[in-house]
Amino acid sequence: MTAIELKDIQVRLQQKQVLDGIDLTIEQGDFITFLGPSGCGKTTLLRTIAGLQRADGGTIRIGGREVANGDTDYHMEPSKRGLSLVFQSYALWPHMTVFENVAFGLQVRRLAKADVKRSVQNALEKMRIPELSGRYPGELSGGQQQRVAIARAIVTQPDILLLDEPLSNLDAKLRVEMRAELKRLHQELNTTIIYVTHDQHEALSLSTRVAVFFGGRIVQTDKPRQLYKHPRTLQVADFIGSGGLHTNRLEGVIALESGRAWLKTPVAAIALEEAGLAALREVVLTIKPEDIRLYDRQGPDRVTAEVEAVFPSGAETLVQLNAGGAAMMARVIGDADYEPGAVLYADLRKEQMNFYDKRTGMRLENVAPIIEPTGGYAS
Amino acid sequence: MANIPAPEGRRHRTRLHNRTLNWLRNPVHSIGAAALLFLAYTIVWPVLKIAYTTFVWRQQDVRLTGAANPGHFTLYHWTRVLASDMSASLFYKPILNSLAVGATVSALSLVIGCSLAWLVTRTDIPLKRTISFLAVIPYLLPAWILSQAWLTFFKNGKIGGTPGILQSLLHVSPPDWLSYGFVPIVISLSIHDSVFFFLIVGAALSSMNSQLEEAASVAGARRLTVLRRIVMPLVLPSILSGFILIFTKAISSYGVPALLGTPVNFYMISTMLYSSMRSRLTTEANVLSLTLMLISMLTIYLNQRAVGRRRSFVTVTGKGSARRLTPLGPWRFPAATAAALIMAAVAVVPLLVLLAQSFMLKEGVYRLSNFTTHYWWGGSDPDINTGEKGVMQNPIFLLALKNSLYIAGAASVVASVTGLVLGYIVARGRQSWLGRAVDQVSFLPYLIPGVSLSELYISMFAKPTLFIPALYGTIGLLILITVVKELPFTVKAGSAAMMQIGTELEEAAQLGGASWLTRFRRILLPLNRKSLVSVFLLVFIGAMKEMELIIMLVTPRTETLTTLTFYYAEKCYEQLTNVILMIIIAIVVAVYAVAVKLGKADLTQGIGGQ
């Protein structure tokens, strides 16, 4: 079932186009993440869905009901949309106890005292903090405040839960803990969750789907696995690849030689499937560090590379290589004992390569390397 | 809002309908519009009206000149004030006096206030708390108490009655220039107003990161160089805003020049305004009001030009940084003693003298046999003050006490809540013209001297208009004028407090389904409690000692403590004046103590926000 349907959402803030033609359908029970660098409009979209920001154009339907229409300038009250929002700052009311904070929404709805009490207790138990009920937000740690904020959001049993960068104010250890908590909560509540973050790790590890934002547009919406493996544009690839994940980029030109299409890069020439490729087209090839295997001995399809630096980090080791003047990073599981200056032989896994048009940055879906045991490379 | 393709006309109508609904549903708009109407009616309209009256002939003018044509345009009133044989005494002398007093008072207060602020916040002077407590006392008192005390000391035989302490002790009559006019006016006002400098500059200094100073001294600057090159420029915006605050206050002050200036015909615009009103020269008084407003506006404008982009300095300061205090070395104790002594002389001695005076049957006779409680609770005695009873026995006093408390109480509650609501509009509506308009207009009363404002209100509310009854002669008008006059301060404080509260706190409640009223009552009001109490306190103190604002509006039924004091002072019933002054002070100090204790109000913060 469709939970939220966004059509051509336009939002301008102070004469600046913040959101430009957002189309998105979110299914019931999805855990969808809005991912993107800061200033890309993801929080604005969240606020637009919540009703805290007005859409200048386009329509929003929640559960089949139209809640906002930019053309008729219709905007339903946020509280009537059946959703809750957890703010980045948590926005806990400092003058109320945890109980009062959580109970507020129910009291405003004029629920009976006993019902309020029961629901609040329930929500606090779900967040595993029933013992904090009498405390004030100022007396809580960041992680506890986070739990209270979520409890306040789920106490009204919303159909949709919106989370705005909820983990950004926590330290690394708590972040991992809360990530698990959110996953558990999603499975337990079975509500639709929209989650805004700029952290690729969070997006990939939490969500069932990820929407990547750039400059007020959604560039790609995919399952995390798909997004990681095949970013649609170079921009997305770079963004997913930043922050420790890393992506190797090799620039090359397509050449037609000896009846075949080749991608000529400084490292190697790669034979491509014939698919009406234009010659001299500039192409960028990306490959993830974990898709480069390192060997001590030369073999078929291996390129020579010199070790420049080694970055061990316990479970894995990043090895910085120099192959034919191009810098590449390889990821090796475990502890790799390479000396800088050593010469290695790298196997680039062709089936994991992505090809992009250098000019437009779009992924070239019709370009694929020929995968066969021999003859793939020519040096 | 069904998704049926509607004909263009209907769609357009829906859109318009939704637009209007959206606009009204935003509290900034709906409340802002109401607020703007209120401000327009209570501030803008009276000013325009008064400006209009100065350009038309009045019915009464027919008696003055044959050229008068009632209801038609004329520059007669302006020429009469600015260029006629009476201009010198009606306009030019008072205005020069006002400007001279304003400039001298500002300069003197600057020196006193800033040095005190620097001593208390940036040096290791002992007795800090005592000094700052003493420094705030003059603020709690009406400025003219100091004039009253001054007269007690330095009065000479000129205006009759018993001579002052100085004359009875030394048997020398103090010269007129010491007893009345410019010198005592400047001194009383400076003592009273330097507390503003102390608080404003003190706040700026104490929030300044001392690493800025350290960085300069590490770079090799000497202490004076650091003061001159680093500290001064940083607090300059505060100093300038303190300067205009005091300048505009001083030129429009009424009580002090009335007590100390009139005996020697030393008039300032405000006192001239009052006496023109008394002698039925209303239109001329209006012209004087307008010029007084123009001067204030000009001052503010010059300040804006001067401070302009520098204003942001104050907020640049970091917080929580450790403050390193400048050691005074051998000067520590002499400085502390001197500061405390001067403060005590200024704050406490006048009070004690006035208190003692109130128990003296005859002024200036220092013998035990002269002790009496007659003025406090004695009955009527035809030999004393032509039979005026002791204060406690006097039904007029009880009425005035009741009125004063009622006005101050009601006005401060209304003013603080109004300030918070308008502050909300200003803080949340910064993007919209409505918010900016409310911000600008609510600042206007700052430019309108109290005497002028009350003059405006007399003509405004003398007879009923539309659904508003004739408020003249009611307590309601006194409350209204107090609320309006305090708007610049209350709205500023309210918006500053609202800015501190993130919009998310409100949005969270909005998502929970709370209406604006619920949000205001349950979220914003409790979160702003501290600022609310401070504002309440300041307005209450201001209203308790307010005089220039209401002196023209009171009627026998709406007499207040201050106007009663002034009436006694004018009649030279010194002891009775002092008794009531003591009672006013007792009330102010009691309310101050309670508010500080219970509400954690912060007086310093409140004034600093202005």
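Here is a short walk through this predicted model, from its confidence scores to its packing. For the complex as a whole, the predictor reports an ipTM of 0.79 and a pTM of 0.79.

Within that chain, helix H19(B) has the highest confidence, at 91, while helix H15 (residues 313-316) has the lowest, at a mean of 38. The pLDDT is below 50 over residues 310-321 of chain B, though this stretch still has 16 contacts in the model beyond near neighbours in sequence. Residues 605-610 of chain B also stay under 50, with twelve contacts beyond four places in sequence.

Now to the packing. The largest nonpolar core has 220 residues, and those touching the most other members include Ile4(A), Ile9(A), Phe34(A) and Tyr457(B). Looking past its neighbours within four places in sequence, Ile9(A) contacts Leu19(A), Leu45(A), Ala55(A) and Ile60(A), among others. Another core, of 33 residues, lies apart from the largest one and counts Val148(A) and Met178(A) among its members.

Over in chain B, helix H24 (residues 516-527) has several buried residues, including Trp516(B), Phe520(B) and Leu524(B). The buried residues of H24(B) pack against helix H2 (98-108) of chain A as well as helices H2, H19, H22 and H23 of chain B.

Finally, take a look at Ser106(B), which sits in helix H4 (residues 87-122) of chain B. Ser106(B) counts as buried because its relative accessibility is 0%. Leaving out residues up to four places away in sequence, Ser106(B) touches Phe197(B), Phe243(B), Ile246(B) and Phe247(B).

Key: Residues numbered from 1 in each chain as written. Chains lettered and ligands numbered in written order. Predicted model: local features only at pLDDT ≥ 70, side-chain atom pairs only at ≥ 80, totals over all residues. Heavy atoms only, no water. Helix = DSSP H or I, 4+ residues; strand = E, 2+ residues; numbered from the N terminus. Buried < 20%, exposed > 50% of the residue type's maximum accessible area, 1.4 Å probe, protein only. Contact = heavy atoms within 4.5 Å. Core = buried A, V, L, I, M, F, W, Y, C linked by side-chain atoms within 4.5 Å. pLDDT = per-residue confidence, 0-100.
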